[in-house]
Amino acid sequence: MITVENLSKRYGPHPAVDDVSFTCTPGTVTGFLGPNGAGKSTTMRMICGLTPPTSGSATVDGVPYRRLGNPGRRVGVLLDASAQHAGRTGREVLTLAALTMGVDTRRVDESLERVGLNRAAAKRRVKAYSLGMRQRLGLAYALLGDPGILILDEPANGLDPEGIFWMRGLLRDFADRGGTVLLSSHLLREVEAVADRLVVIGGGRVVAQGDKAELLASSGTVVRALDAGALGVALRRAGLSGAATTDGGVVVQADAETVGRAAADAGLVLLELRPAGSSGLENLFLTLTAGESAKEAAR
Ligand SMILES: Nc1ncnc2c1ncn2[C@@H]1O[C@H](COP(=O)(O)OP(=O)(O)OP(=O)(O)O)[C@@H](O)[C@H]1O
């Protein structure tokens, strides 16, 4: 169980994380979503005791991370795939970690195999690893102590589509066996396939969170009319706000009946009227976080 309560972090006048609260429960994968600079890494670093919060608190199984005895046996952490000593081989990295954690070194080969790093790869120095191989090694490191909780920052970076598919399976299996997973990404599609819950962050604040299925169900209606301009006028007249989709439709934050009535009152011919589903969630994500990436780039 991970509990984050009113966590904030300021760097000078700038809030990097602003009053963030959420929980991650056993048996679930929580997708932590947001554009670049949204505050995902800072939040995860605070959970892992690497960055002191300005205010608020975070606990892992009810205890602040820094007070966990032998934390690697409780929480597997992958925050930076390039953090491993570049001059050591993959096997050396894991063997040292096993000795530090008091884990049987026979688990090293098991962990390497579990993340798909073969014998030849295990003998190579980390500096010769691709980003995808570093992510796999980082995951092996995180899993080595057989923890019940995984905290992973953008673990899919550098993995090819087959690698991403493999990792989803591993995380799903971990959670299905009762584990707790917190997984960050700036790509909705990447976590949508594996997450049970979503926490969406923009500009340091949580802008949406909840059960993935509920967020999907409540993410509006797609409507498309023969006369798109007249539809826009009809929606505005009915007090409904919409966001254009890439294929000429509009996602409206209202149910199908409300949207259909607004169109019927204006005598419009509709070509499409359906629950927005994941395209609605994508629109919600884009709308809620709009401008944050641009602001970050301008900083
Ligand atoms: N040590 C620091 N000093 C000053 N500002 C920082 C520091 N660390 C992070 N920030 C700022 O805090 C904000 C949140 O950054 P953070 O790295 O947590 O975002 P993120 O969502 O993980 O983004 P990314 O996907 O780009 O890593 C950004 O504006 C960033 O510039």
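Visitor: What makes up the shell around the ligand, in terms of nonpolar, polar and charged residues?

Guide: In this predicted model, the shell divides into 3 nonpolar, 7 polar and 2 charged residues. Lys40 is among the residues that come nearest to the ligand, and Lys counts as charged. Ala16 also belongs to that nearest group, and Ala counts as nonpolar. Asn36, Ser41 and Thr42 complete the nearest group, out of 12 residues around the ligand.

Visitor: Which element gives the largest share of that shell?

Guide: That is helix α1, residues 40-47, which contributes 3 residues.

Visitor: Let's turn to the sheet. What makes β1 and β4 a pair of strands?

Guide: Pairing requires at least two bridges between the strands. Strand β1 (residues 2-11) and strand β4 (residues 55-60) have 5 bridges, in the antiparallel sense, so they meet the criterion.

Visitor: What lies between β1 and β2 in their hairpin?

Guide: There are 2 residues between the strands, and Gly12 takes a positive phi near 65°.

Visitor: Why do β2 and β4 count as edges of the sheet?

Guide: The open sheet has 3 strands in the order β2-β1-β4. β2 and β4 each have a single partner strand, so one side of each is left without a neighbour in the sheet. From one strand to the next, the twist averages 20°. Helix α1 packs on this sheet, where it touches β1, β2 and β4. The direction of α1 makes about 120° with that of β1.

Visitor: And the helix pair α3 and α5: why are these two called oblique to each other?

Guide: Helix α3 (residues 107-114) and helix α5 (residues 131-144) pack at an angle of about 135°. Roughly perpendicular ends at 115 degrees and roughly antiparallel begins over 145, so an angle between those limits counts as oblique. α3 and α5 are therefore oblique to each other. Their axes lie 9 Å apart, and the crossing is right-handed.

Visitor: Which residues meet where α3 and α5 pack?

Guide: From α3 come Arg107, Ser111, Leu112 and Arg114, and they meet Ala140, Leu143 and Leu144 of α5. These contact residues divide into 4 nonpolar, 1 polar and 2 charged. Arg counts as charged, and Ala and Leu as nonpolar.

Conventions: Residues are numbered from 1 along each chain as its sequence is written. This is a predicted model: local features need pLDDT of at least 70, side-chain atom pairs count only at pLDDT 80 or more; totals for chains, interfaces and linings use all residues. A residue is near a molecule or strand if its C-beta atom, placed from the backbone, lies within 6 Å of it. Helices (H or I, at least four residues) and strands (E, at least two) are DSSP runs, numbered from the N terminus. Axes are lines fitted to C-alpha atoms, for helices over the stretch in contact, and angles run from 0 to 180 degrees between N-to-C directions. Angles under 35 degrees count as roughly parallel, over 145 as roughly antiparallel, 65 to 115 as roughly perpendicular and the rest as oblique. A crossing is left-handed if the near helix is turned anticlockwise from the far one by less than a right angle, and right-handed if clockwise. Two residues are in contact if their C-beta atoms, placed from the backbone, lie within 7 Å.
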